[in-house]
Amino acid sequence: MSRTSAGRSLMASAICVLLGGCAVGPDFTTPAKPPLDRYTAAPLPAAGGKQGAAPFVAAEEIPTRWWAAFHSAPLDRLIRAAVTNNPSLQAADAALKLARYNALAQRGLYFPQVGASY
């Protein structure tokens, strides 16, 4: 058996195995949807009080301090720490430039180096 025919046989076998996994069977039926009362005690209200309204909130309706709606002290502390320790855009840009310059300065560090003295 030559190398190309062995490769073709292997490829044909792999395709047959992969396509065989796609077969569902002649007696397949779509499963029924689970009842909604299984997940919630009461039916969910319509969004915005309108029947059939989209369940999304417009950007204007989200308050600036959205995390306060959770009434979580650890989340409040985390957000406060993130806001106070967040650098300005100029400081972040300067840190990126410094990292880039350091990387450029170390570019030849791991190559063999030659030194000479008299």
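Analyst: Let's begin with Trp66, which is partly exposed, with a relative accessible area of 43%. Do keep in mind that this is a predicted model.

User: Why is Trp66 called partly exposed?
Analyst: The label covers values between the buried limit of under 20% and the exposed limit of over 50%. Trp66 has 43%, so it is partly exposed.

User: What makes Trp66 and Trp67 an aromatic pair, and what kind of pair is it?
Analyst: Ring centres have to lie within 6.5 Å, and planes over 60 degrees apart count as edge-to-face. For Trp66 and Trp67 the centres are 5.7 Å apart and the planes stand at 90 degrees, so this is an edge-to-face aromatic pair.

User: How do you know that Trp66 and Phe70 form a pair too?
Analyst: By the same cut-off of 6.5 Å. Their centres are 6.4 Å apart, with 90 degrees between the planes, so Trp66 and Phe70 are an edge-to-face pair as well. The count comes to two aromatic pairs, and these ring pairs link Trp66, Trp67 and Phe70 into a cluster.

User: What makes the phi of His71 worth a look?
Analyst: Most residues other than glycine have a negative phi. The phi of His71 is near 50 degrees, a positive value in a residue other than glycine. His71 sits in the loop between α1 and α2 (73-85). With 74% relative accessibility, against a limit of over 50%, His71 counts as exposed.

User: Why do Lys97 and Asp93 count as a salt bridge?
Analyst: The rule asks for a side-chain nitrogen of Lys or Arg within 4 Å of a carboxyl oxygen of Asp or Glu. The closest N and O atoms of Lys97 and Asp93 are 3.9 Å apart, so the pair qualifies. The structure holds one salt bridge.

User: Where do the two partners lie relative to each other in helix α3?
Analyst: Lys97 and Asp93 are four residues apart in helix α3, so about one helical turn separates them. Lys97, at 40%, is partly exposed, and Asp93, at 39%, is partly exposed too.

User: What makes Met11, Ile15 and Leu19 a nonpolar surface patch?
Analyst: Patch members need over 30% relative accessible area, and their nonpolar side chains are joined within 5 Å. Met11, Ile15 and Leu19 make such a patch of about 320 Å². Leu19, found in helix α1 (residues 3-20), has a relative accessible area of 57%, which clears the 30% limit and also makes it exposed, being over 50%.

User: How many helices and strands does the chain have?
Analyst: It has three helices and zero strands, running α-α-α from the N terminus. Of its 118 residues, 2% count as buried. The chain exposes about 11,600 Å², and carbon and sulfur atoms supply 64% of that area.

User: Which elements have the lowest and highest mean pLDDT?
Analyst: Among the elements, α1 has the lowest mean pLDDT (81), and helix α3 (residues 89-105) the highest (89). The chain averages 76, and 69% of the residues score at least 70. Where pLDDT is low, the predicted coordinates should not be read in detail.

How values were computed: Residues are numbered from 1 along each chain as its sequence is written. This is a predicted model: local features need pLDDT of at least 70, side-chain atom pairs count only at pLDDT 80 or more; totals for chains, interfaces and linings use all residues. Side-chain values use heavy atoms; hydrogens and water are left out. Patches are made of residues with over 30% relative accessible area and no salt bridge: like charges are joined within 9 Å, nonpolar side chains (Val, Leu, Ile, Met, Phe, Trp, Tyr) within 5 Å. Accessible areas come from the Shrake-Rupley method with a 1.4 Å probe; for residues, only the protein chains shown count as cover. Helices (H or I, at least four residues) and strands (E, at least two) are DSSP runs, numbered from the N terminus. Buried means under 20% relative accessible area, exposed over 50%, partly exposed in between (1.4 Å probe, protein chains only). Rings of Phe, Tyr and Trp (its six-membered ring) pair if their centres lie within 6.5 Å; planes under 30 degrees apart count as stacked, over 60 as edge-to-face and the rest as tilted. pLDDT is the predictor's confidence in each residue, from 0 to 100.
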